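Here is a short report on one protein chain. Look at the sequence and the structure first, then read on.

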Amino acid sequence: MSTTKVTSQQVAERAGVSQSAVSRVFTPGASASKKTVEKVRKAAADLGYRPNVLARAMVSGKSRIIGLVVAYLENQFYPEALEKLSNELQQRGYHVLIFLAEQTAGNIDAVVEEILDYQVDGIIAASVAMSSDLSERCRAAGVPMVLFNRSQDDPNMSAVTSDNYAGGRKIAEFLLAAGHRKIGHIAGWEGASTQRDREAGFISALAEAGVTLHSRAAGEFTMEKAAEATRTMFASDPPEAVFVANDHMAIAVMDTLRFELGLNVPEDVSVIGFDDVPAAGWPAYSLTTVRQPANRMVADTVEILLDQIENKSDEPRRIAIDGPLILRGSARIPEGWTT
């Protein structure tokens, strides 16, 4: 079998077109007639030709590659959101490289430095927090970045989230309306803006009603630590209701309450999550939760990033999208509320 690579000139000769026509056919967004596209693609298939995307990127200065960095995929919200992001970017003529990073600033900074070596046109950072030094490094390299489902205090960094503060308030108001006063909170990773904002909204609404948080434990956004936090919280003077900072942990909390501690949900304790992952709607959990509007979050993230790439926009944008409280069977329903 020959290992000699087929060139675009050979494709052009076989198709009876110019070499520049072959280039246009294989360049996203470039124009070529339907007849030319058909001839070039047939010739390329016959010869086994594939365009050298990296070489073209070196010439044009544009790779049409987006680096997507994510800290963890165990939470069902992220695989679904990443699929939506990838599909949306591909429809706009971009390719996606996914990088996994541990949830520590040093590790994430190292991963993003690696992403920059791939000459990406832009970066989406999902579920990660980054230093302001790193955002400056990306700006210096001319590579725009948008945070997805995280925000930073850095005013120069664009971010798209759900309205986590408002979501936390909705949960508190719902539990209070149901008559709960001994209310606990199982928090996520303390370094996440999502955790900070959800808890802040939650505590604010409780305080306005003259209620203080009965108990608190950290689940670090993992199922194992959420289960451990549940055992600790319910060992003595247990709460009547628990707001769990995301559905991924809430599922573990419900399993621990029912199958280890012998409690009924919601008869003995109400449980509310945040995200509305697919499992939240399963009959086994029927989890009341705040839905993150993933489709709108994805659309806004892509729009901001491509505006920065294609139109050289350098104005940072912060978007927080309100999400509804989805009523199911894991929490006591206040009188007058409908599912």
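Predicted model: local features only at pLDDT ≥ 70, side-chain atom pairs only at ≥ 80, totals over all residues.

## Strand 3

Gly122, Ile124 and Ala126 point one way. Ile123 and Ala125 point the other way. Are these residues buried or exposed? All are buried, whichever way they point.

Strand 3 has partners. Strand 1, residues 65-70, pairs with strand 3 in the parallel sense, over 5 bridges. In this pairing, Val69 stands opposite Ala125. Strand 4, residues 145-148, also runs parallel to strand 3, and 4 bridges join the two. There, Ala126 has Phe148 as its bridge partner. In general, strands of a sheet pair through backbone hydrogen bonds, and the pairing is either parallel or antiparallel.

Now turn to another part of the chain. An open sheet holds 6 strands in the order 7-6-8-9-10-12. Its pairing is mixed. Which strands form the edges? They are strand 7 (215-218) and strand 12 (325-326), and each pairs on one side only.

Strand 8 (residues 241-244) and strand 9 (residues 270-275) run parallel, joined by 3 bridges. Val242 faces its opposite number, Val271, in strand 9.

## Helices across the strands

Two helices deserve a look here. Helix 9 spans residues 193-208 and lies across strands 6, 7, 8 and 9. Strand 6 covers 183-187, and helix 9 runs at about 170° to it.

Helix 11 lies across strand 6, strand 8, strand 9 and strand 10 (288-291). Its angle to strand 9 is about 160°.

## Asp247 in helix 11

Helix 11 covers residues 247-260, and Asp247 belongs to it. Asp247 is buried, yet it has no salt bridge. How far away is the nearest side chain of opposite charge? That side chain belongs to Arg328, and it is 6.0 Å away. A salt bridge needs a side-chain nitrogen of Lys or Arg within 4 Å of a carboxyl oxygen of Asp or Glu.

Asp247 does have a polar atom close at hand elsewhere: its side chain places one 3.0 Å from the backbone nitrogen of Val277.

## Thr256 in helix 11

Thr256 is found in helix 11 too. Why does Thr256 count as buried? Its relative accessible area is 3%, and buried means under 20%.

A polar atom of the Thr256 side chain lies 2.8 Å from the backbone oxygen of Ala252. Beyond its neighbours within four places in sequence, Thr256 is in contact with Ala227, Thr230, Arg231 and Leu261.

## The whole chain

The protein chain has 12 helices and 12 strands. Its C-alpha atoms fill a box of roughly 80 × 40 × 40 Å, taken along the principal axes. Of its 339 residues, 50% count as buried.

Contacts also link parts of the chain that are apart in sequence. Consider those between residues at least 6 apart: 71% of them join residues at least 24 apart.

Methods: Residues numbered from 1 in each chain as written. Heavy atoms only, no water. Helix = DSSP H or I, 4+ residues; strand = E, 2+ residues; numbered from the N terminus. Buried < 20%, exposed > 50% of the residue type's maximum accessible area, 1.4 Å probe, protein only. Lys, Arg positive; Asp, Glu negative; His and termini not counted. Polar contact = N/O pair within 3.5 Å; in protein donor to acceptor, adjacent residues only side chain to side chain. Contact = heavy atoms within 4.5 Å. Pairing = 2+ DSSP bridges. Axes fitted to C-alpha atoms, helices over the stretch in contact; angles between N-to-C directions.
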